[in-house]
Amino acid sequence: MTPAQAFDALYAYCAPALVRQAYLLTGRRDLAHESVERAFQRAWDHWPEVARDPDPPGWVRAAAHDWALSPWHRFRRRHRHPEPPPPEEDDRALLEALLSLPPPYRRTLVLYDGVGLDLPDTAAETEASTRATAGRLMHAREVVAERIPELADPAELHGRLAELASTGRARAPEPAAVRGGSERRARLWTRTAAAVTVVLIGSTAMTLRTAPTHYVPPVPPGETVRGVPPRVAPGPLSDDERELRDRLREALHHGPERLTPQAY
């Protein structure tokens, strides 16, 4: 198989399920589709690494979940308004219970009870210890069971998660379009990097051309600069200058009324 054929096969195998998982993590269909598309674009960018990975679906799943749970989405205008909730009341209750969980707990629950990973694999994918993962799983189950008592059974919870993920549209874009988007993004970043490099080279060349090539020592005090004599500090006052200063100071207080305004 060519790399494109192998990528398309992986995409056809994983993309629909990943869209459903990302929807359980975010409660947004548009963000779920975007997360899967970005994950596969990243996989195509790193295809030699992904192709040699022992678990290519797990590689893409981790990338999709990371993008879906990124905290930066809250600052995007398109994600400030909630999407319409599921039409069924039971689905709305389960989705609200999931979204009330902290993201690491929500991801642990979806991976273990939704995807069906075992505890060590769930811990590895969420970058947590097995003990911490078990604690997150139990807490998430307790929260869901408190809101929806009939989902206290893990088998029932697994089935309801699958039903909730299957509601609405789950169609992903074609793999060729995903590969094309990845290649366009790579070209854009390459051109941007080239433009920044050219600007840096130009700035460096301009700096080297305009920078002084030798050391110019500062002019010491008392030296003539381009024919301008240095400023001479005033010396002691003469007798006439002291007499004039005293007369000026005395006239300031005892002079005509126009020199001393009166307050009314």
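**Exercise 1. Overall layout**

Which pattern does the protein follow when read along the sequence?

*Solution.* Start with the source. This is a predicted model, in which local features need pLDDT of at least 70, side-chain atom pairs count only at pLDDT 80 or more, and totals for chains, interfaces and linings use all residues. Residues are numbered from 1 along each chain as its sequence is written, and side-chain values use heavy atoms, with hydrogens and water left out.

Step 1. Read off the elements. The pattern is α-α-α-α-α-α-α-α-α-α-α. That is 11 helices and zero strands. Helices (H or I, at least four residues) and strands (E, at least two) are DSSP runs, numbered from the N terminus.

Step 2. Check the dimensions. The radius of gyration is 37 Å, while a compact globule of 264 residues would have one near 18 Å. This radius is taken over C-alpha atoms, and the globule rule is 2.2 Å times the number of residues to the power 0.38. Along the principal axes, the C-alpha atoms fill a box of roughly 110 × 60 × 35 Å.

Step 3. Check burial. Of the 264 residues, 31% count as buried. Buried means under 20% relative accessible area, exposed over 50%, and partly exposed in between (1.4 Å probe, protein chains only).

**Exercise 2. The nonpolar core**

Find the residues that touch the most other members of the largest nonpolar core.

*Solution.* Step 1. Apply the definition. A nonpolar core is a set of buried Ala, Val, Leu, Ile, Met, Phe, Trp, Tyr and Cys residues joined through side-chain atoms within 4.5 Å.

Step 1. The core has 42 residues, and Phe-40, Val-60, Leu-94 and Leu-109 touch the most other members.

Step 2. Trace the suppliers. Helices that each give at least two residues include α1 (3-26), α2 (29-45), α4 (56-68) and α8 (130-147). The largest share, 11 residues, comes from α1.

Step 3. Beyond neighbours within four places in sequence, Val-60 contacts Leu-10, Leu-18, Ala-39, Phe-40 and Ala-43. Contact means heavy atoms within 4.5 Å.

**Exercise 3. The two sides of α5**

Sort the named residues of α5 into buried and exposed.

*Solution.* Step 1. List the buried ones. They are Asp-91, Leu-94, Leu-95, Ala-97 and Leu-98.

Step 1. Look down the axis. The buried residues of α5 fall within an arc of 160 degrees, so they line one face of the helix. The arc is that of the directions from the helix axis to the C-beta atoms.

Step 2. Find the cover. The buried residues of α5 are covered by elements including α1, α6, α8 and α9.

**Exercise 4. Aromatic residues**

Classify the pairs Phe-7 with Trp-47 and Trp-44 with Trp-47.

*Solution.* Step 1. Set the rule. Rings of Phe, Tyr and Trp (its six-membered ring) pair if their centres lie within 6.5 Å; planes under 30 degrees apart count as stacked, over 60 as edge-to-face and the rest as tilted. The structure holds six such pairs.

Step 1. Take Phe-7 and Trp-47. Their ring centres are 5.7 Å apart and their planes stand at 75 degrees, so the pair is edge-to-face. Phe-7 is in α1 and Trp-47 in α3, 40 residues apart, so this pair links distant parts of the chain. Both Phe-7 and Trp-47 are buried.

Step 2. Take Trp-44 and Trp-47. This pair is tilted, with 6.2 Å centre to centre and 40 degrees between the planes.

Step 3. Collect the group. Phe-7, Tyr-11, Phe-40, Trp-44 and Trp-47 form one aromatic cluster.

Step 4. The charged end of Arg-29 sits over the ring of Tyr-23, 3.6 Å from its centre. The rule asks for NZ of Lys or CZ of Arg within 6 Å of the ring centre and within 35 degrees of the ring normal.

**Exercise 5. A loop residue**

Is Glu-127 buried or exposed?

*Solution.* Step 1. Glu-127 lies in the loop between α7 and α8.

Step 1. Apply the cut-off. Glu-127 counts as exposed because its relative accessibility is 75%.

Step 2. Check the backbone. The phi of Glu-127 is near 55 degrees, a positive value in a residue other than glycine.
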